[in-house]
Amino acid sequence: MKFTIYQESRPGKRPTNEDRIAYSYSRESLLMVVADGMGGHLHGEVAAQIAVQYITEAFQREAHPLLKDPFLFLSGALNNAHHAILDYAADRFLPEAPRTTCVACIVQDSIAYWAHAGDSRLYAIRGGRVLGVTRDHSRVQRMVEDGLITAEAAVHHPARNRIFSCLGGTNAPQVDFSKKTPLMTGDVILLCTDGVWGPLPSDVIPRAMSTGNVLQATPALLNQAEARGGENADNLSMIAIRWEDNYAEDTIGSVSTKTMPIDSFTTQMEAFAKARKGTQPLPNLSDEDIERAIQEINAAIRKYSK
Amino acid sequence: MPPQANVPLPPGYQLDEYRIERQLSLGGFSIVYLAFDKEDTPVAIKEYLPNSLALRSQGDALPSIAEENVATFRYGMKCFFEEGRALAKISHPNVVRVQNFFRANETVYMVMHYERGRTLQEHIQKHKGEIRESFIRAIFARLLNGLREVHTHKLLHLDIKPSNIYLRNDGTPVLIDFGAARQTLSLDTPLLKPMYTPGFAAPEQYNNTRRELLGPWTDIYSVGASMYACMAAAAPQAADQRLERDQLAAAVKRWPEKYSKQLLETVDWCMRLNYLERPQSVFALQKALADKARSVPRPTFLGGLRKRVRDLIK
């Protein structure tokens, strides 16, 4: 396992920093986690701290050196962190449990797995293009995706900070999982809070990461987001890795099974949908290819004719 | 603009070593001709000519292909080659035999053995409601021998219907037109949509995103629907409509006087909407057709429950 990693958290223009971030790795497995405590609720930073700490400790308990099932781990860790926050609130007779967003990512065997609740994001970037990104649990963001409002209108929408899934809080979190994402050398995985992605136009993050130099690009992006956030800049936090191994190298011939997601049906559908958009050119069938195919068929006809 | 129909090559046209006699059929993907070879033996020649990509005008031999369609046209040729490649390896009395493959007029041609006779479709039209059980059993038992050979070669026909079942003058059936077979390539070429025939295509063929559900049971649904059509003298309700509101009367209920219960149950078995409940292989179906006494296994309560749980997990 080989990678370059950079993480940083800044308060922005806020008096406190309610973001918490962490990474941890064993010989063969890497965990990254970002949590954004919710300011509207009491003790937002406590919720974020519990989440990050709980998930990191669980990782250290279970990654020996590989996690048996990364998705199962993520599911258990996020849900248990949710209950840990509720327990904390109950122990102290808090009127309302504190809340936090959470996005966590595991990379092992050159495959990335991630899960999230809320509007902290994960971007998987290859060659400056977004390979995968989490979908915010935000009604406003879903409205943008559905074309009901423009991205511009969303920036000023009164409910832009409202999310419908988080850890803590009265409702059980809705945790969404990625598909298994095989990584190649140079791929970037980036986790960040809305203080980073919020003020930036959508193409800035993948473009900034196109060089793959996370050590420079991460602080540069934070600078840019903080500047754009202006007088009221939110807390900003980000972890980014550049992956240095190559998934394909050691698994030639077994890629198809290895990339099978937990729910093979859903994810295969996605793969088809992507193929259908058909931006990649069709493989060209040359005159020689045609001649060869015809010769092959005629040879088979002769062979099987009696 | 909907694609226009292609103009066939004219009678008397010398195509390679063959002389075109007349057009036999015209589809969206190809044209089939009756032609004669040097020894004056009749052959059927299939010309690759998808009308969404290549159009031939009156008086021309060469089709005109728009610049932007050239790549897709050539890519679609691969489907045609797949069909030829698969059929070339199958030498079976109940499967159409390919004799030659050649290139001309900027496209490709497949030469097949020409069979004299009529399609099962024509036979049904002619003998509306008079088709006997012995006829159905005899035709489909032989046809299934051919289909079994096809499946053995890891190929699915995917367009079995009465008009693709040819009856020789001696009464033996031949499975023809493998144009829909192995349509995996159409997944990423939207210009070449998968073909299916309403009434005979299995429900899983309508769901283009779940190609992995296609299997021998898919062809078996079509075989069941073709047997049903023999009895009803009409195509059964299309599977996509059945999924919404199943109005297809079970064969067992419709013709209890006319056909044996065992045959009717076999037809209904083939036409189950859930592919897991159909015969899973041609062999299983052949066994049912051959064994007149045995009745079709009904899903047990426990089996049904297990299946529902499995579906939930999916």
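Colleague: How many helices and strands are there in chain B?
Modeller: Chain B has 10 helices and 11 strands, where helices (H or I, at least four residues) and strands (E, at least two) are DSSP runs numbered from the N terminus. This is a predicted model, in which local features need pLDDT of at least 70, side-chain atom pairs count only at pLDDT 80 or more, and totals for chains, interfaces and linings use all residues. Residues are numbered from 1 along each chain as its sequence is written, while chains are lettered from A and ligands numbered from 1 in the order in which they are written.

Colleague: In what order do the six strands of the open sheet in chain B run?
Modeller: The order is β1-β2-β3-β4-β8-β7 (chain B), with antiparallel pairing; two strands pair if DSSP finds at least two bridges between them.

Colleague: And which strands stand at the edges?
Modeller: β1 (14–15) and β7 (98–104) of chain B do; each has a single partner strand, so one side of each lacks a neighbour in the sheet.

Colleague: How many bridges join β7(B) and β8 of chain B?
Modeller: Six bridges join β7(B) to β8 (residues 107–113) of chain B, and Val98(B) is opposite Met112(B) in β8(B).

Colleague: Which helix of chain A lies across them, β7 and β8 of chain B?
Modeller: Helix α10 (residues 287–304) of chain A does, at about 165° to β7(B); axes are lines fitted to C-alpha atoms, for helices over the stretch in contact, with angles from 0 to 180 degrees between N-to-C directions. Contact requires C-beta atoms, placed from the backbone, within 7 Å.

Notes
Contact = placed C-beta atoms within 7 Å.
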